[in-house]
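Me: I would like to learn how to read some features of a protein model. Please take them one at a time, general idea before the case.

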Amino acid sequence: MGIGTGRMASVLRGGCMAATVVLLAACTRHGQEGYARYRTNCGICHHGGEGMKGEIPPVTGRVDRIAATPEGKQYLMHVLLNGLNGPLQIDGVRYNFSMPPFRAHLSDVEIASILSYLATRGDTRPVPVFTPGEVAAERAHPLTTTMVAEERRRLDAIHPLP
């Protein structure tokens, strides 16, 4: 019985440590600011991150995976800065929506904090982090919503996006 209890304690410690890492990431400056900015600017449509099936795509568990590549990070910044028009296919569900651009409404710091917060809501480790400098560099090159949709299709052809 002692060996089984020891293993159980080890598993519980590992689980607690993983949960602590996720909670600490969400409690960082980006986590707190990002959550507040997400809630007031994105949450009205994307809700808690789960979206609305067939209407508004989910973001929870997807932003971190998309941001795992430099091209994916760039694409995500383009989406927030420039908006995006559907149709999109995500996890077998078709979405035909229009997301407005936030270029004129959110600063580089705010966009970086929203994306960094959303990246903490997935399983990718280390958690991708967006910086205001990265957002500023992308802001310097405005795109149309159609161009952002084309960028998504190109990336999806290279490595399928979640």
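Me: What volume does the largest pocket have?

Reply: The model is predicted, so local features need pLDDT of at least 70 and side-chain atom pairs count only at pLDDT 80 or more, while totals for chains, interfaces and linings use all residues. Residues are numbered from 1 along each chain as its sequence is written, and side-chain values use heavy atoms, with hydrogens and water left out. On a 1 Å grid over the protein atoms alone, a pocket is an open set of points where a 1.4 Å probe fits, with protein on both sides within 12 Å along at least five of seven lines. A volume is the space filled by probe spheres set on the points, which are joined across faces, edges and corners. Here the largest pocket has about 390 Å³.

Me: Which residues lie nearest the centre of the largest pocket?

Reply: Lining residues have an atom within 4 Å of a point. In this case there are 28 of them, and His 46, Val 59, Val 79, Leu 80 and Met 99 lie nearest the centre. Elements that give two or more residues to this lining include helix H5 (70-82) and strand E4 (98-99). H5 gives the largest share, 4 residues.

Me: How many helices and strands are there in the chain?

Reply: Helices (H or I, at least four residues) and strands (E, at least two) are DSSP runs, numbered from the N terminus. The chain has 8 helices and 4 strands, in the order α-α-α-α-α-β-β-β-β-α-α-α.

Me: Is Glu 138 buried or exposed?

Reply: Buried means under 20% relative accessible area, exposed over 50%, and partly exposed in between, with a 1.4 Å probe and protein chains only. Glu 138, in helix H7 (residues 132-139), is buried. A salt bridge needs a side-chain nitrogen of Lys or Arg within 4 Å of a carboxyl oxygen of Asp or Glu. Glu 138 has none; the nearest side chain of opposite charge, Arg 103, is 8.0 Å away. Lys and Arg count as positive, Asp and Glu as negative, and His and the chain ends are not counted.

Me: Which peptide bonds and phi angles stand out?

Reply: Most residues other than glycine have a negative phi, and most peptide bonds are trans. The bond from Gly 86 to Pro 87 is cis, with omega near 5°, and Arg 125 and Pro 126 are also joined by a cis bond, with omega about -5°. His 47 has a positive phi of about 55° and is partly exposed at 33%.
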